[in-house]
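Please keep the sequence and the structure in view while reading.

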Amino acid sequence: MTAFVLLHGFAQTPASWDAVVQRLQAAGHRTYVLDLYESKCDLKLLGTEGALEDAEQGKGVEGDAGAEGALASACDPLASLGAVCDRVAAIVRLVAQADGAPVLVGYSMGGRIAAETVVRHPDLPLAGLVLESAGLGPSDEAARATLAERNAAWARRLREEGVVAFMDWWETLPLFATQRDLPSEVRVAIRAEREAHSAKLLARLLEAWGAHHQAAEAATLSAVSDLARQGVPVLYVAGALDEKYAAVAARAHAAGIPVVLVPNVGHNVHLESPSAEGSLKAFSLKMFLLKVPWLENHERSDIRLKRDLFRTF
């Protein structure tokens with residue numbers, strides 16, 4: 001049994017992981033799906049089957065200075081990128097105490113937060129790290145300034161136009177082009193989830209958690225590579241039709257990070273991949289059983305069951 005901590009993307013909810021959670025739990029794993037917007041100090045976890053009831057009330061971290069410190073600074077995750085990373089780190093430590101070191105999985109914004117958490121908390125007890133379509137930080141200070149301007153403009157647009165108009169525009173971005181081919185009921189569900197949040201909240205996320213606050217890409221790649229060198233399996237996943245994040249995957253690959261580039265899908269791999277409906281395939285990576293349920297049934301003729309060769313790039 002492996003524990004998984006899953007982080008959702010921008011304008012999503014924990015429910016966005018439901019299909020993956022069902023498959024992981026059916027395979028006997030524990031799943032902890034964070035509500036990244038939750039501002040209570042009880043570190044509410046969804047999908048835990050009550051495993052951390054005491055810990056959620058602030059108990060269960062006694063004697064763990066890292067968990068106690070992160071817990072204290074994570075009561076308002078919306079305050080900054082550092083605050084939400086502290087919150088994730090605190091939950092990872094609580095899960096580790098209850099179920100052993102977990103696999104940390106993040107999609108898009110959640111992947112950025114997962115990566116930044118590893119940068120800020122290099123001693124985090126992890127059994128694995130999976131980053132799906134995740135930005136790894138600005139390439140330089142000029143890129144950081146550009147991201148800051150972009151995120152400020154997006155936040156301003158949200159406040160001035162409201163969520164519905166913003167999402168009308170958001171869905172036209174090239175990043176989501178492949179989602180236009182999804183079944184209508186799936187597209188309706190995605191849109192309802194996006195509109196479930198207030199303009200105020202989403203604007204605040206762009207300002208407080210935007211990529212302009214991340215460590216530089218070189219520092220993030222170094223931190224993730226260090227994790228792999230310590231024997232922790234890491235994996236970067238992107239859709240081959242997502243040009244922006246396929247390029248990030250190429251840079252991760254060049255840095256020695258294992259990569260899977262999934263054919264015929266775009267930005268949201270675990271949603272768009274047809275193989276997500278198939279059976280789970282297990283890959284033994286050293287002492288750790290890593291299951292990536294949205295990658296099963298893809299051609300992997302060049303993948304060996306070794307941590308440093310888990311790639312289809």
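What does the accessible surface of the chain come to, and what share of it belongs to carbon and sulfur atoms? The accessible surface is about 12,800 Å², and 52% of it belongs to carbon and sulfur atoms. Accessible areas come from the Shrake-Rupley method with a 1.4 Å probe, and for residues only the protein chains shown count as cover.

## Basis and overall make-up

This is a predicted model, in which local features need pLDDT of at least 70 and side-chain atom pairs count only at pLDDT 80 or more, while totals for chains, interfaces and linings use all residues. Residues are numbered from 1 along each chain as its sequence is written, and side-chain values use heavy atoms, with hydrogens and water left out.

The chain has twelve helices and nine strands. Helices (H or I, at least four residues) and strands (E, at least two) are DSSP runs, numbered from the N terminus. The chain contains 313 residues, and 56% of them count as buried. Buried means under 20% relative accessible area, exposed means over 50%, and partly exposed lies in between (1.4 Å probe, protein chains only). Taking contacts (heavy atoms within 4.5 Å) between residues at least 6 apart in sequence, 69% join residues at least 24 apart.

Strand β1 covers residues 3-7; five of its five residues are buried, so the strand is largely enclosed by the rest of the structure. Ala3, Val5 and Leu7 point one way from β1, while Phe4 and Leu6 point the other way. Residues on both sides are buried.

Two strands pair if DSSP finds at least two bridges between them. β1 runs parallel to strand β2 (residues 30-34), with four bridges joining the two. In this pair, phenylalanine 4 stands opposite threonine 31 of β2. From β1 the chain crosses through helix α1 (residues 18-26) to β2, and this β-α-β crossover is right-handed. Right-handed means that, with the strands pointing away from the viewer, the path from the first strand over the helix to the second runs clockwise. Strand β4 (residues 103-107) is also joined to β1 by four bridges and runs parallel to it. Here leucine 7 stands opposite glycine 106.

## Helix packing

How do α6 and α9 pack, at what angle and with their axes how far apart? α6 and helix α9 (residues 199-209) pack at an angle of about 175 degrees, with their axes 9 Å apart. Axes are lines fitted to C-alpha atoms, for helices over the stretch in contact, and angles run from 0 to 180 degrees between N-to-C directions. The two helices are therefore roughly antiparallel. Angles under 35 degrees count as roughly parallel, over 145 as roughly antiparallel, 65 to 115 as roughly perpendicular and the rest as oblique. The α6 side of the contact includes Trp154 and Leu158, and the α9 side includes Leu202 and Leu206.

Helix α5 (residues 109-120) and helix α10 (residues 217-229) cross at roughly 75 degrees, and their axes come within 9 Å. α5 and α10 are therefore roughly perpendicular to each other. Ala115, Val118 and Val119 of α5 make this contact with Ala219, Thr220, Ala223 and Leu227 of α10.

## Two residues of helix α8

Arginine 194 lies in helix α8 (residues 184-195) and is buried, with a relative accessible area of 8%. Its contacts, leaving aside neighbours within four places in sequence, include Ala11, Trp170, Glu171 and Leu202.

Glutamate 193 is also placed in α8 and counts as buried at 15% relative accessibility. Its C-alpha atom is separated by 7.0 Å from that of threonine 13, which is 180 residues away along the chain. Beyond neighbours within four places in sequence, glutamate 193 is in contact with Ala11, Gln12, Thr13, Ala15 and Ser16.

## Positive phi values

Most residues other than glycine have a negative phi. Serine 133 has a positive phi, near 50 degrees. Serine 133 is found in the loop between β5 (128-132) and α6 (141-161) and is buried at 0% relative accessibility.

Asparagine 264 also has a positive phi, of about 65 degrees. This asparagine is in the loop between β7 (259-262) and α12 (269-272). Is asparagine 264 buried or exposed? Asparagine 264 is exposed, with a relative accessible area of 66%.
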